[in-house]
Amino acid sequence: NTYDQEYPTIGVPVLTLADYTFAPQTATNPISDRNEYLKCFSNISGATYKVTLAVDQPVPNTRKKFKLGGGGQACDVGHTFLILEQNVNGVKTTRSIGWYPSVSATPFKPTVVGVLNNDQGHGYSVALVNNISGTDFMDIINAIKSDNNSLYDLNTYNCTNWAYSKVFMHPMDNIDATYGCWPLGYGMNPGDLGQDIRPGHINLYTYQSITTNGNAPSNEGSCP
């Protein structure tokens, strides 16, 4: 991992609880049962599989860790999430999923109970698309199902940590993710990861591609 020293050297903006809160968005469409949400995926002979690491950067195409709102609005700290796709002879099953705090997590209280969220329709600045085998795809599905970490931590297990750890379970496929700083904290974040996966920063494998400025598709596909 590399460390982005941009923030400490440019001067720290004064944040007050009255005006701004550095806090990720809480879950808007929480998933009550992850096994039920992901049950339609399976390793089927002849099917194709895709997992997309989608990054909504606070300020697109920059390493900025947040964007301050106006008139006392909250900070935009961005978001990282996954788009999971299975295609069986043209019949698609799609689910988008991300890791969120269940209540507000701030630099003053960085650890709270976490929750998975249905992220269909969520926008992204840049995304790394991975066309993978059914076996590798189901490894990711099973990792999501079996993840027993119930705590969201702004510094050590935020949305970016969560999504990165699922996509890059195999060390040989890892990218050199940058750790950055923000008020009273540091760690993986959408601003840095978004730049890390852009052309010129990553050496793509043949099964990978990059797309920019899109939205997660609506969920589709059902099963008994």
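This is a guided tour of one predicted model, stop by stop, for a reader with the structure open in a viewer.

Residues are numbered from 1 along each chain as its sequence is written, and side-chain values use heavy atoms, with hydrogens and water left out. Because the model is predicted, local features need pLDDT of at least 70 and side-chain atom pairs count only at pLDDT 80 or more, while totals for chains, interfaces and linings use all residues.

**The whole chain**

Of the contacts in the protein with a separation of 6 or more, 75% are accounted for by residues 24 or more positions apart, a contact being heavy atoms within 4.5 Å.

**The disulfide**

Next select Cys40 and Cys223, which are joined by a disulfide with an S to S distance of 2.1 Å; the term stands for a pair of cysteine sulfur atoms within 2.5 Å, and by this rule the count comes to one. The two cysteines lie 183 residues apart and link distant parts of the chain, with Cys40 in the loop between helix H2 (34–37) and strand S2 (48–56) and Cys223 in the segment after strand S10 (208–215). The angle about the S-S bond is -90°, and the link is left-handed. Cys40 counts as buried because its relative accessibility is 12%, whereas Cys223, at 28%, counts as partly exposed.

**The largest nonpolar core**

Now select Leu53, Leu82, Leu84, Ile97, Phe137, Ile144 and Trp162, which touch the most other members of the largest nonpolar core, a group of 40 residues. Such a core is a set of buried Ala, Val, Leu, Ile, Met, Phe, Trp, Tyr and Cys residues joined through side-chain atoms within 4.5 Å. Among the elements that give two or more residues to this core are S2, strand S3 (79–88), strand S4 (91–101), helix H3 (134–146) and helix H4 (159–167), and H3 gives the most, with five residues. Apart from this core lies another, of six residues, including Ala54, Phe81, Ile83 and Ala127.

**Two packed helices**

Stay with H3 and H4, which pack at an angle of about 140° with their axes 9 Å apart; axes are lines fitted to C-alpha atoms, for helices over the stretch in contact, and angles run from 0 to 180 degrees between N-to-C directions. The pair is therefore oblique, since angles under 35 degrees count as roughly parallel, over 145 as roughly antiparallel, 65 to 115 as roughly perpendicular and the rest as oblique. To see the contact, show Ile140, Ala143 and Ile144 of H3 together with Trp162, Lys166 and Val167 of H4.

**A glycine in strand S6**

Finally, select Gly123, which lies in strand S6 and counts as partly exposed because its relative accessibility is 22%. Leaving out residues up to four places away in sequence, Gly123 touches Asp56, Phe81, Gly214 and Asn215. The C-alpha atoms of Gly123 and Gly214 are separated by 5.7 Å, although these residues are 91 residues apart along the chain.

Terms used:
Helices (H or I, at least four residues) and strands (E, at least two) are DSSP runs, numbered from the N terminus. Buried means under 20% relative accessible area, exposed over 50%, partly exposed in between (1.4 Å probe, protein chains only).
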